[in-house]
Amino acid sequence: MTASSGDPGGEEPRIVDRRKIDPETGEVRDPASSETVDAGEAEPGEAERLAAERLDQLQRVSADYVNLQNQYSAYVKRSKNEERAAFARGVEGLAEGLIPVLDDIELARQHGDLTGPFGSIAEKLEQILEHFGVVRYGAAGDPFDPAVHEALMHGHSTDATEPTVQQVLQPGYMAGERVLRAARVAVVEPEAGDGR
C-alpha cells in the first residue's frame, strides 16, 4: 500500500523527530523533549506571549519565596528575642524572691556568723546568682544616685563635696540593667553654708 500523496484538501503533514542526537549541535537529546511538531503550528507571537507568561509566573513564585523566607527569618529573630526576654524575666523573678534570704546572708556576714557549711552554701548561692547577672551593689563613699539608691537618712558634712552614701543600710540588687531593689542608704550632703 502506498500513502496518498496528492490529497488536495488534507491536513498539513505532521513531522515527528525521534532522533536521539540533534543533527545541528551533535548533542544527545533529552528523551522527554522529543515532541510532535505540527508544521506551521508555532507562531512567533504566541511563543513570546507564552514565554512572557511563564517568566511572570516564575517571578511571582520567586517573590513569594523571598517573602516567605523573610517572614521566617523575622519569626526566628522574634522567637529568640522573646525567649531571651522570658529567661531574663524568670531570673529577675527568682532573684526578687531571694532578696530576703540574701539580706539575711549579708547580715550574718556583717556579724561574723557566716561560717562552716552555712557560709559555703551562702557563697554558692551568691555565685550562682552572679553567674545569671544578679549583682549586689552599694558601698559607703559611692556618689548618691537616686536612680539606684533610696535615701532613708540625710545628714550634712563639711567634708562632703556632693551627696554621698555614708552608710549602706540594705544593699541593692540588679539583674543586668534592671534594679530589682534600690540600695537603702544614709546620705551625707555638703553643708548649706558652703555657697551651694
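Predicted model: local features only at pLDDT ≥ 70, side-chain atom pairs only at ≥ 80, totals over all residues.

Modeller: Residues are numbered from 1 along each chain as its sequence is written, and side-chain values use heavy atoms, with hydrogens and water left out.

The structure holds eleven salt bridges, each being a side-chain nitrogen of Lys or Arg within 4 Å of a carboxyl oxygen of Asp or Glu. One of them joins the side chains of E106 and R136 at 3.3 Å, N to O. This pair links distant parts of the chain, with E106 in helix α1 and R136 in strand β3 (residues 134-137), 30 residues apart. Helices (H or I, at least four residues) and strands (E, at least two) are DSSP runs, numbered from the N terminus.

E106 is buried, at 15% relative accessible area, whereas R136 is partly exposed at 35%. Buried means under 20%, exposed over 50%, and partly exposed in between (1.4 Å probe, protein chains only). Leaving aside neighbours within four places in sequence, E106 is in contact with R136 and P171; contact means heavy atoms within 4.5 Å. E106 and R136 also belong to a salt-bridge network with R109 and E126.

Another salt bridge pairs R184 with E150, the closest N and O atoms being 3.4 Å apart. R184 lies in strand β8 (residues 183-190) and E150 in strand β4 (residues 149-157), so the pair ties together parts 34 residues apart in sequence.
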